[in-house]
Amino acid sequence: RPFVFFSVQRLKMSAGPINTTVALFGDFVCNSYVVGATVWYFFISSPIIMKSLGRERFVPLMMTLMKVFFTSVCVALSVSLALTYIHTKGDTSSISFLTQLFGLTSAMMNKFVIGPKALAAGKASMDERKGKDKEGSLNKFASEGGSGGTKVWHRTVVLFVFSMLGGVLPHMFEVLGRVSPA
């Protein structure tokens, strides 16, 4: 019988007590990265960078960083979902698995559907506004985005970020509840 590196049966068989502990730990680390990166990207670095660079230089930088952010978050959540599969012993109907799947789905929607549309709208808005907007209201721009279409896409990205966290945070609490003190 040929050796298969990754299979559902192999994952189910590897869910012993040590592997479950390692899977729980890895799962928690991946989700901690997602929460930490999200808080840093959206709530700490973005306002600081926007104030120091100004709108015209802020938007292109954040457009590039957004792609990196969502790629890394999707990778971390995919790994976490595989680890969840291991520590739930293949129970895809468990709350732990479903909340993680919800978080991953929200992140992937932002990465592959909403994010690219928001970036395109933001680029069009920046091109349209180049040289026209002398107001410089960074707070308004951060909360509303640029012109009409950009505002809708910007808010949709934020909505899906919060829905991603709405899956990740309950999952993390559930994982913490499974860890018993030694």
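**Reading the model, feature by feature**

Modeller: Ser94 counts as buried, at 12% relative accessibility; buried means under 20% relative accessible area, exposed over 50%, and partly exposed in between, with a 1.4 Å probe and protein chains only. Ser94 is placed in the loop between α3 and α4. The model is predicted, so local features need pLDDT of at least 70 and side-chain atom pairs count only at pLDDT 80 or more, while totals for chains, interfaces and linings use all residues. Residues are numbered from 1 along each chain as its sequence is written, and side-chain values use heavy atoms, with hydrogens and water left out.

Biologist: Which backbone oxygen does the side chain of Ser94 reach?

Modeller: A polar contact is a pair of N or O atoms within 3.5 Å; within protein, one must be able to donate a hydrogen and the other to accept it, and residues adjacent in sequence count only if both atoms are side-chain atoms. Here the side chain of Ser94 reaches the backbone oxygen of Asp91 at 3.1 Å. Another serine, Ser46, is placed in helix α2 and is buried, with a relative accessible area of 11%. A polar atom of the Ser46 side chain lies 2.5 Å from the backbone oxygen of Tyr41.

Biologist: What does Ser46 touch, not counting residues up to four places away in sequence?

Modeller: Contact means heavy atoms within 4.5 Å. On that basis, Ser46 touches Trp40, Tyr41, Phe58 and Met62. For the protein, among contacts between residues at least 6 apart in sequence, 78% join residues at least 24 apart.

Biologist: How should the overall architecture and its confidence be read?

Modeller: Helices (H or I, at least four residues) and strands (E, at least two) are DSSP runs, numbered from the N terminus. The protein has 6 helices and 0 strands. pLDDT is the predictor's confidence in each residue, from 0 to 100. The protein averages a pLDDT of 84, and 77% of the residues score at least 70. Confidence is lowest in helix α1 (residues 8–13), at a mean of 52, and highest in α3, at 93. Where pLDDT is low, the predicted coordinates should not be read in detail.

Biologist: How many aromatic pairs does the structure hold?

Modeller: Rings of Phe, Tyr and Trp (its six-membered ring) pair if their centres lie within 6.5 Å; planes under 30 degrees apart count as stacked, over 60 as edge-to-face and the rest as tilted. The structure holds 7 such pairs. One of them, Phe42 with Phe43, is tilted, at 6.5 Å centre to centre and 50° between the planes. Phe43 is partly exposed, with a relative accessible area of 46%. Tyr85 and Phe97 form an edge-to-face pair, at 6.3 Å centre to centre and 65° between the planes. Because Tyr85 lies in helix α3 and Phe97 in helix α4, this pair ties together parts that are 12 residues apart in sequence. Both Tyr85 and Phe97 are buried. Tyr41, Phe42, Phe43, Phe69, Phe70 and Phe162 form one aromatic cluster.

Biologist: Which side chains meet in a salt bridge?

Modeller: A salt bridge is a side-chain nitrogen of Lys or Arg within 4 Å of a carboxyl oxygen of Asp or Glu. A search of the whole structure finds 1: the side chains of Glu174 and Arg178 meet at 3.4 Å, N to O. Glu174 and Arg178 are separated by about one helical turn because they are 4 residues apart in helix α6 (residues 148–178). Glu174 is partly exposed, with a relative accessible area of 26%, and Arg178 is partly exposed, at 36%.

Biologist: Which residue has a positive phi although it is not a glycine?

Modeller: Lys89 does, with a phi of about 55°. Lys89 is placed in the loop between α3 and α4 and is exposed, with a relative accessible area of 51%.
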